[in-house]
Amino acid sequence: KKEQNRYGGEVMVIKLSFVFGKKFSSASYLLLALAIALPACANAEYTYHGRSITKTEYEATFLIQKAHDFDAQGEFEKALEAAERAVDMAPEFPEAQAAYGTVLSQTGHVKEAEEHLRTGLKMKDDMQAAWLSLAAVCTSTGRNSEARDIYKMYLLRFPNGKYAPKIHALLAIVENHLKTVSGTTPGGTSPDYFVEARGEYPWPQ
């Protein structure tokens, strides 16, 4: 008989019959299994680099990755669009704010870039590349003293961080530059170290 099915299919039917007082067909059992599983999926926990995030934030990570890919291809307008959508979708997601700030800086919107980078770092201050991008925004607008302070803050916060060797080199350059020009940088072309720094983006790491 079906009850003897060695794969256990009918055993489940017998147990369900015992609980609910009636037998279930295979199709009915499948529907019941889905009814049990779907709520569990809806309440699934999403994690991102070891921390819990919301479903919306999880979906925003795909837009951030898309922005990164476009940026790597030099398609900055498309990168900007994807990053902006990520921020619109999950404004409380720090990586979205940082990514949008970075792409904004690449497209010349330095004021808005700084706002989003600072917002992201206020939410989550361990995004190492975001500190580097923020310093780059400062040097691009001639605020080398602020860039120096950001570099020092980074080294204090991450003495053995991923970008520590690069930060030490950039800090030496900016301090030398500050001594040379007495704390100011003429408008126009950014110092060479800004060109180096702008290559580091705060994508999820």
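Rings of Phe, Tyr and Trp (its six-membered ring) were taken to pair if their centres lie within 6.5 Å, with planes under 30 degrees apart counted as stacked, over 60 as edge-to-face and the rest as tilted. By this criterion the predicted model contains four aromatic pairs. One of them joins Tyr46 and Tyr58 in a tilted arrangement, with 4.8 Å between the centres and 35° between the planes. This pair links distant parts of the chain, as Tyr46 belongs to strand β1 (residues 46-48) and Tyr58, twelve residues apart from Tyr46, to helix α3 (residues 55-72). Helices (H or I, at least four residues) and strands (E, at least two) are DSSP runs, numbered from the N terminus. Tyr46 is buried at 19% relative accessibility, whereas Tyr58 is partly exposed at 31%; buried denotes under 20% relative accessible area, exposed over 50%, and partly exposed the range in between (1.4 Å probe, protein chains only). Tyr46, Tyr58 and Phe62 make up one aromatic cluster.

The model is a prediction in which local features need pLDDT of at least 70 and side-chain atom pairs count only at pLDDT 80 or more, while totals for chains, interfaces and linings use all residues. Residues are numbered from 1 along each chain as its sequence is written, and side-chain values use heavy atoms, with hydrogens and water left out. The mean pLDDT (the predictor's confidence in each residue, from 0 to 100) of the protein chain is 77, and 67% of its residues reach 70 or more. Residues 1-22 have pLDDT below 50, and this stretch has 17 contacts in the model beyond near neighbours in sequence; a contact means heavy atoms within 4.5 Å. A further stretch, residues 185-205, stays under 50 in pLDDT and has 59 contacts beyond four places in sequence. Where pLDDT is low, the predicted coordinates should not be read in detail.

The protein chain has ten helices and two strands, arranged along the sequence as α-α-β-β-α-α-α-α-α-α-α-α. Of its 205 residues, 38% are buried. Among contacts between residues at least 6 apart in sequence, 53% join residues at least 24 apart. The accessible surface, computed by the Shrake-Rupley method with a 1.4 Å probe (for residues, only the protein chains shown count as cover), comes to about 12000 Å², of which 56% belongs to carbon and sulfur atoms.

A nonpolar core was defined as a set of buried Ala, Val, Leu, Ile, Met, Phe, Trp, Tyr and Cys residues joined through side-chain atoms within 4.5 Å. The largest has 45 residues, among which Phe93, Tyr151, Tyr154 and Ile167 touch the most other members. Two or more residues each are given to this core by β1, α3, α4 (76-89), α5 (94-106), α6 (110-123), α7, α8 (144-157) and α9 (164-181). The largest share, eight residues, comes from α7. Not counting residues up to four places away in sequence, Phe93 touches Tyr48, Arg51, Ile53, Glu57, Ala60, Thr61, Ile64 and Met123.

Helix α7 (residues 128-140) comprises 13 residues and reaches 19 Å from its first C-alpha to its last, close to the 18 Å expected at 1.5 Å a residue; the expected span is 1.5 Å times one less than the number of residues. Eleven of these 13 residues are buried, so α7 is largely enclosed by the rest of the structure. The buried residues of α7 include Trp131, Leu132, Leu134, Val137 and Cys138. Gly142, which follows α7, has a positive phi near 80°. Helix α5 also has end C-alpha atoms 19 Å apart, in agreement with the 18 Å that its 13 residues should span. In α5, 13 of the 13 residues are buried, so this helix is largely enclosed by the rest of the structure.

Most residues other than glycine have a negative phi. His49, however, has a positive phi near 50° and is placed in the loop between β1 and β2 (51-53). Glu114 lies in helix α6 and is buried, with a relative accessible area of 14%. Beyond its neighbours within four places in sequence, Glu114 is in contact with Leu134, Val137, Arg143 and Glu146. Ala164, in helix α9, is buried at 4% relative accessibility. Ala164 touches Tyr154, Leu155, Phe158 and Pro159, residues up to four places away in sequence not being counted.
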